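Take a look at the sequence and the 3D structure below. Then read on for a short tour of its parts.

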Amino acid sequence: ESLFVVSYPKLLKTIGYETAHVGKWHLLSKNQFDVKDFPQPDAHGYDYFFYTHNNASPSHKNPDNFVRNGKVSKLEGYSAQLVAAEGIKWLKEDRAKEKPFALSIWLHEPHKPIATDPKFSAIYGDHPNKTYMGNITQ
């Protein structure tokens with residue numbers, strides 16, 4: 001590992017922080033997952049991570065490529081809500097309550113292919129861009 005690679009999670013860990021990343025990682029392509037030359041979030045200082053390497057696949061609905069601490073999962077739901085729920089779960093249940101913490105949340109939306117929960121599209125009625133607008137709201 002290069003001595004010149006510094007990340008804020010690594011720095012925060014030196015003063016006792018617990019760190020987590022949830023959401024889009026986008027420092028890897030699909031073919032670089034679990035490859036030594038392409039470090040995962042833990043190599044950047046995250047104690048806990050839940051992410052996709054680039055984008056939710058096959059879409060933001062029911063993605064099959066989220067990685068939780070090194071294990072790939074197929075999930076049901078929409079990626080924005082899944083990421084938010086994971087961050088909340090980590091805050092409430094998984095982190096060490098006695099430590100300060102840093103939580104990174106990087107949402108995927110809006111990113112093609114667009115997949116929007118109908119309850120968010122419905123907010124925009126008959127607008128021709130309601131799917132995209134609902135995706136941003138999501």
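This is a predicted model: local features need pLDDT of at least 70, side-chain atom pairs count only at pLDDT 80 or more; totals for chains, interfaces and linings use all residues.

## Strands that pair

Two strands pair if DSSP finds at least two bridges between them. β2 and strand β3 (residues 66-68) have two bridges, and they pair in the antiparallel sense. In β3, Val67 is the bridge partner of Tyr51.

Strand β1 (residues 18-24) also joins β2. Here there are five bridges, and the two strands run parallel. Val22 stands opposite Phe50 in β2.

The protein has an average pLDDT of 88, and 91% of the residues score at least 70. Confidence is lowest in strand β4 (residues 71-73), with a mean of 87. Confidence is highest in strand β5 (residues 101-106), at 96.

## A covered strand

How many residues of strand β2 (residues 48-52) are buried? Five of its five residues are, and the strand is mostly covered.

In a regular strand, side chains alternate between the two faces of the sheet. Now look at β2. Tyr48, Phe50 and Thr52 point one way from the strand. Phe49 and Tyr51 point the other way. All of these residues are buried.

## Aromatic rings

The structure holds six aromatic pairs. One of them joins Trp90 and Phe101. Their ring centres are 6.0 Å apart, with 75° between the planes. The pair counts as edge-to-face because planes over 60 degrees apart fall in that class.

Trp90 lies in helix α2 (residues 79-94) and Phe101 in strand β5, so the pair ties together parts that are eleven residues apart in sequence. Are the two residues buried or exposed? Trp90 is buried, with a relative accessible area of 1%. Phe101 is partly exposed, at 36%.

Ring pairs also build a cluster. Its members are Trp25, Tyr46, Phe49, Tyr51 and Trp106.

## A buried asparagine

Asn135 lies in helix α4 (residues 130-137). Asn135 counts as buried because its relative accessibility is 0%, and the cut-off for buried is under 20%.

What does the side chain of Asn135 make a polar contact with? The partner is the side chain of Thr116, at 3.2 Å. Leaving aside neighbours within four places in sequence, Asn135 is in contact with Glu109, Pro110, His111, Ile114, Ala115 and Thr116.

Terms used:
Residues are numbered from 1 along each chain as its sequence is written. Side-chain values use heavy atoms; hydrogens and water are left out. pLDDT is the predictor's confidence in each residue, from 0 to 100. Helices (H or I, at least four residues) and strands (E, at least two) are DSSP runs, numbered from the N terminus. Rings of Phe, Tyr and Trp (its six-membered ring) pair if their centres lie within 6.5 Å; planes under 30 degrees apart count as stacked, over 60 as edge-to-face and the rest as tilted. Buried means under 20% relative accessible area, exposed over 50%, partly exposed in between (1.4 Å probe, protein chains only). A polar contact is a pair of N or O atoms within 3.5 Å; within protein, one must be able to donate a hydrogen and the other to accept it, and residues adjacent in sequence count only if both atoms are side-chain atoms. Contact means heavy atoms within 4.5 Å.
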